[in-house]
Amino acid sequence: MRRCQLYLITPAKFDLNAFTQICREALVEGHVAAFQLRMKDAADADILAAGKALKPIAQNAACAFIVNDSPDLAARLDADGLHIGQSDASYAQARRLLGPDRIVGVTCHNSRDLAYQAAEAGADYVAFGAFHPTQTKAAQYWADPEILEIWQQTALTPCVAIGGINLENAEPLIRAGADFLAVSDAVWSHPLGPRAGIAAFNALFDRIAQG
């Protein structure tokens with residue numbers, strides 16, 4: 001089976017100076033596919049400051065730097081991509097602002113219909129979830145691993161599994177067909193540190209991919 005990859009999301013809140021160093025140490029080995037800057041309810045100036053500090057760290061680790069929610073801020077930061085929810089800008093608006101070469105991913109909750117619409121419009125990935133309760137946000141929609149299986153059987157656009165994913169509950173989602181696991185707390189709060197958390201997820205991905 002295809003090897004799953006790690007899609008890392010920033011903590012809900014962080015001190016930028018301290019977090020910059022944490023990210024530098026965590027990402028140094030380059031085993032993260034995408035890094036999403038997610039700062040809900042933060043001022044634009046704070047998001048821009050964080051983006052300017054964290055983007056080069058992610059990119060130096062061969063990691064796509066993704067901004068959550070705001071096409072305008074993603075464009076101003078010259079980010080590698082953007083993640084939008086169903087209540088954010090439309091895919092068409094996001095694509096117009098970011099151009100044809102940037103990543104645009106779309107939250108599709110537990111709906112294959114939304115996912116097919118996004119894929120047909122040209123989304124680079126679709127995200128399903130939440131699969132488990134999460135401290136990052138209060139989930140309004142719950143997804144079953146079966147949606148990942150059906151998606152892999154019927155579509156070519158990569159899919160991301162999101163929502164409360166940790167090392168104990170990740171395996172069924174990987175085996176069901178998630179191309180990426182979106183993870184936050186399970187890495188940043190790993191008892192041995194974020195770098196060890198990233199390594200542990202990649203060891204899991206390797207084990208499953210190797211059969």
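Predicted model: local features only at pLDDT ≥ 70, side-chain atom pairs only at ≥ 80, totals over all residues.
Thr157 is buried, because its relative accessible area is 14%, and buried means under 20%. This residue lies in the loop between helix H6 and strand S7. Which residues is Thr157 in contact with, leaving aside its neighbours within four places in sequence? They are Ala119, Ala123, Asp124, Tyr125, Val126 and Trp151.

Trp151 takes us into helix H6, which spans residues 146–154. The buried residues of this helix are Ile147, Leu148, Ile150 and Trp151. Seen down the axis of H6, these buried residues fall within an arc of 165°, so they line one face of the helix. An α-helix has 3.6 residues a turn, so residues three or four places apart point the same way. What covers the buried residues of H6? The cover includes helix H5 (112–121), strand S6 (125–129), S7 and H7.

Not counting residues up to four places away in sequence, Ile150 touches Arg112 and Tyr116. To give a sense of distance across the model, the C-alpha atoms of Ile150 and Arg24 are separated by 37 Å. Along the chain, Ile150 and Arg24 are 126 residues apart.

I now turn to the loop between S6 and H6, where Phe131 is found. Is Phe131 buried or exposed? Phe131 is buried, because its relative accessible area is 8%, under the 20% limit. Leaving out residues up to four places away in sequence, Phe131 touches Trp142, Ala143, Asp144, Pro145, Ile147, Leu148, Ala161, Ile162, Gly163 and Leu173. As for Pro145, its C-alpha atom is separated from that of Phe131 by 7.5 Å, although the two residues are 14 apart along the chain.

Ala130 lies in this loop between S6 and H6 as well. The peptide bond from Gly129 to Ala130 is cis, with omega near 10°. Most residues other than glycine have a negative phi, and most peptide bonds are trans.

Phi of Asp69 is near 80°, a positive value in a residue other than glycine. Asp69 is found in the loop between strand S3 (64–68) and helix H3 (71–76). Phi of Asp78 is also positive, near 55°. Asp78 has its place in the loop between H3 and strand S4 (81–84). Asp78 counts as partly exposed, because its relative accessibility is 40%, which falls between 20% and 50%.

Next, please look at Asn169, in the loop between strand S7 (159–162) and helix H7 (171–176). Asn169 is buried, because its relative accessible area of 15% is under 20%. Which backbone atoms lie beside the polar atoms of its side chain? The backbone oxygen of Gly164 lies 3.0 Å from a polar atom of the Asn169 side chain. The backbone nitrogen of Asn166 lies 2.8 Å from a polar atom of that side chain. Apart from its neighbours within four places in sequence, Asn169 is in contact with His132 and Gly164.

Finally, I come to empty space. Rolling a probe the size of a water molecule over the atoms shows where empty space is left. The structure holds one cavity of 30 Å³ or more. About 50 Å³ of space lies in the largest cavity. Its lining is formed by Ala26, Leu27, Val28, Glu29, Gly30, His31, Arg195, Ile198 and Ala199. Which element gives the largest share of this lining? Helix H9 (residues 194–209) does, with three residues. By class, the lining has five nonpolar, two polar and two charged residues.

The second largest pocket holds about 230 Å³ of space. Among the residues that line this pocket are Phe14, Leu16, Arg38, Met39, Lys40 and Asp41. Helix H2 (residues 44–60) provides the largest share of the pocket lining, three residues. How many polar residues does the lining of this pocket have, by class? There are no polar residues there, but seven nonpolar and five charged ones.

Notes:
Residues numbered from 1 in each chain as written. Heavy atoms only, no water. 1 Å grid on protein atoms, 1.4 Å probe; cavity = no way out; pocket = protein on both sides within 12 Å on 5 of 7 lines; lining within 4 Å. Points joined across faces, edges and corners; volume = space filled by probe spheres on them. Helix = DSSP H or I, 4+ residues; strand = E, 2+ residues; numbered from the N terminus. Nonpolar A, V, L, I, M, F, W, Y, C, P; charged D, E, K, R; others polar. Buried < 20%, exposed > 50% of the residue type's maximum accessible area, 1.4 Å probe, protein only. Polar contact = N/O pair within 3.5 Å; in protein donor to acceptor, adjacent residues only side chain to side chain. Contact = heavy atoms within 4.5 Å. Arc of directions from axis to C-beta.
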